[in-house]
Amino acid sequence: MRIADVLKNKGTAVVTISPQATVTELLAGLAEMNIGAMVVMGKSGLEGIVSERDVVRQLHKRGSSLLAQPVSSIMTSVVATCTPRDTVDRLNVLMTQNRVRHIPVLDDGRLAGIVSIGDVVKTRMEELETEQQQLQAYITQGR
């Protein structure tokens, strides 16, 4: 299965934030949208990604003054990305190697979606369910 198929099922909407936004604004957006990460988009395009994990780790290091800091001060600026043409298996490897749970999808340099580990698990569960139904149909027809 390709990433394009995952995006077809889940949609291509991506919640983004500017690098100048504060960590407090980031937290409000994460809570409001019930998501675990946001893509950081600047004037030149994709600048980074920031997750709940980034906030927790930096809050522990810097204390509550972090909340007034810009997102750019805590974001991951070297971002693992994929394309709609990549396979879900390749994405699994990418997530595992980079120890990340969210991967932006770029299509010719344009942000085309985001895939989370939850999307990958859901896709795999749907594949297994379809296979099980096909096997049951095959067994039933063979009788």
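# Close-up views

View 1. D119 is buried, with a relative accessible area of 17%. (Buried means under 20% relative accessible area, exposed means over 50%, and partly exposed lies in between; the probe is 1.4 Å and only protein chains count.) This is a predicted model: local features need pLDDT of at least 70, side-chain atom pairs count only at pLDDT 80 or more, and totals for chains, interfaces and linings use all residues. Residues are numbered from 1 along each chain as its sequence is written, and side-chain values use heavy atoms, with hydrogens and water left out. Which residue forms a salt bridge with D119? The partner is K10, and the closest N and O atoms are 2.9 Å apart. The pair links distant parts of the chain: D119 sits in helix α5 (residues 117–141), K10 in helix α1 (residues 3–10), and 109 residues separate them. K10 counts as partly exposed, at 37% relative accessibility. A salt bridge here is a side-chain nitrogen of Lys or Arg within 4 Å of a carboxyl oxygen of Asp or Glu. Helices (H or I, at least four residues) and strands (E, at least two) are DSSP runs, numbered from the N terminus.

View 2. Find E127 and R124: their salt bridge brings the closest N and O atoms to 3.1 Å. The two residues are three apart in helix α5, so about one helical turn separates them. An α-helix has 3.6 residues a turn, so residues three or four places apart point the same way. E127 is partly exposed at 23% relative accessibility. R124 is partly exposed too, with a relative accessible area of 41%.

**View 3. The R90 and D86 pair.** Here the side chains of R90 and D86 meet in a salt bridge, 3.8 Å from N to O. Is D86 buried or exposed? D86 is buried, at 16% relative accessible area. R90 is partly exposed, at 40% relative accessibility. Side chains of opposite charge can pair when their charged atoms come close. Over the whole structure, the search finds six salt bridges.

View 4. Strand β1 (residues 16–17) runs parallel to strand β2 (residues 37–42), joined by two bridges. (Two strands pair if DSSP finds at least two bridges between them.) I17 has V40 as its bridge partner in β2. Together β1, helix α2 (residues 23–33) and β2 make a right-handed β-α-β unit. Right-handed means that, with the strands pointing away from the viewer, the path from the first strand over the helix to the second runs clockwise.

**View 5. The hairpin of β2 and β3.** Two residues connect β2 to β3 in a hairpin. Strand β3 (residues 45–51) pairs with β2 in the antiparallel sense, over six bridges. Look for G42, which stands opposite G45 in β3. Leaving aside neighbours within four places in sequence, S51 is in contact with G36 and A37. Contact means heavy atoms within 4.5 Å.

View 6. Which residues of helix α3 (residues 52–62) are buried? They are D54, V55 and Q58. Seen down the axis of α3, the buried residues fall within an arc of 95°, so they line one face of the helix. (The arc is that of the directions from the helix axis to the C-beta atoms.) These buried residues pack against α2 and β3. The face turned away from the buried side carries the exposed residues V56, R57 and H60. G63 follows α3, and its phi is positive, near 85°.

View 7. UniProt, in an unreviewed entry, places the feature "domain: CBS" at residues 75–130. UniProt positions are given in the numbering used here, feature names are shortened, and annotations may be inferred rather than shown by experiment. Over residues 75–130 the chain is 45% helix and 23% strand. The end C-alpha atoms of this stretch are 38 Å apart. Strand β4 (residues 102–107) and strand β5 (residues 110–116) pair in the antiparallel sense over six bridges. P104 has I114 as its bridge partner in β5. Two residues lie between β4 and β5 in this hairpin. In the turn, D108 has a positive phi of about 55°.
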